[in-house]
Structure formats: structure tokens, C-alpha cells
Amino acid sequence: MTKAKAKVEELSQAAIWKTLRAVDCSDVEYQKMSLTYIGWADLWAKLMDIFPQSSYIFDEPTFFGEVGNQTCEVSCSIYIGQYERNCTLPVMTASMPMKSIVNPTSRDINDAKQRCFVKAIGMHGLGLYLWEKKTTKSKPSVSLDSEMPF
């Protein structure tokens with residue numbers, strides 16, 4: 001058995017969580033208004049550096065309401081090996097307070113899909129600290145060069 005195959009076979013949800021929670025994402029954080037966020041491409045690159053067997057799927061958007069007065073929700077699943085995390089997100093404005101967009105454009109839907117993508121990766125543990133409601137958020141301190149638990 002090759003070393004790469006051994007790593008995949010030893011993969012567990014606990015190992016994924018422990019590994020990704022320990023990764024510091026501050027080098028790819030951005031500020032917009034009063035919010036800190038991580039771009040989808042930066043987070044995907046970090047995830048692929050650690051777990052290159054990762055993949056994702058976007059479901060078809062779900063529309064609510066009557067034609068001409070509809071809101072929309074998007075869904076994304078992130079897979080690391082056989083382990084999946086799924087998130088949904090309404091298509092909403094980017095400014096505070098965030099509100100659902102009535103009759104969203106394809107651009108609005110795409111923006112929501114990318115935000116949902118980042119949120120779904122966060123559900124595996126990578127960059128999740130950005131959403132935590134702690135008064136003092138502590139960023140992980142392990143670099144990608146550190147020894148991984150798998």
C-alpha cells in the first residue's frame with residue numbers, strides 16, 4: 001500500500017476536524033465594512049493543500065414565493081474523502097443588515113453560492129473561528145508545515 005493510500009484510509013471526521021481547526025487562516029483574511037471574511041479561492045487552496053481529495057457540489061437553487069416576487073436559497077456540499085458537510089444560505093444583500101434579495105439575478109445567486117461554499121468548508125473546521133460568537137476569538141496557531149494527525 002502506498003503512503004498516499006494509507007493517509008486516505010486513516011482519514012476520519014475527527015482527524016479532519018482536528019487538522020482544519022488548527023489551521024491559521026489570517027494570511028488570507030480580508031476586511032469589508034466591519035466584517036472579516038475569507039475569499040472562496042483562498043479557502044479552497046488551503047483546503048486542497050491539506051486534503052487534495054476534497055470535492056464539492058452545488059445543488060440547484062431553491063426558489064420561494066410567487067413568480068415575480070421570489071427569494072432564493074443555495075446549497076453546497078463539501079466532501080473530504082467520504083466525509084460530507086452541507087450548508088444552505090439565502091441569497092441576500094452584502095450590506096448590513098443582510099436581507100433576502102427579491103428576484104435575485106444570476107450574479108446575486110453566484111455570490112451566495114461562493115459564500116455558501118466558504119461556510120460549508122468552515123463546517124469541516126477550516127476558518128470556522130470567523131463565525132464563532134466568542135468575545136475573544138483565538139486564531140489557530142498551526143501552520144500547514146506542521147505535522148498532521150493522519
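Predicted model: local features only at pLDDT ≥ 70, side-chain atom pairs only at ≥ 80, totals over all residues.
Local features need pLDDT of at least 70 and side-chain atom pairs count only at pLDDT 80 or more, while totals for chains, interfaces and linings use all residues. Residues are numbered from 1 along each chain as its sequence is written, and side-chain values use heavy atoms, with hydrogens and water left out.

**View A. Arg21 and Glu132 form a salt bridge.** A salt bridge here is a side-chain nitrogen of Lys or Arg within 4 Å of a carboxyl oxygen of Asp or Glu, and the structure holds three. In this pair the closest N and O atoms are 3.2 Å apart. Arg21 belongs to helix α2 (residues 13-21) and Glu132 to the segment after α4, so the contact ties together parts that are 111 residues apart in sequence; helices are DSSP runs (H or I, at least four residues) and strands likewise (E, at least two), numbered from the N terminus.

**View B. Asp27 meets Lys46 in a salt bridge.** The N to O distance is 3.2 Å. Asp27 lies in the loop between α2 and β1 (29-32) and Lys46 in helix α3 (residues 40-50), so the pair ties together parts that are 19 residues apart in sequence. Asp27 is exposed at 57% relative accessibility, whereas Lys46 is buried at 8% (buried means under 20% relative accessible area, exposed over 50%, partly exposed in between, with a 1.4 Å probe and protein chains only).

View C. Arg107 is exposed, with a relative accessible area of 57%, and Asp111 is partly exposed, at 24%.
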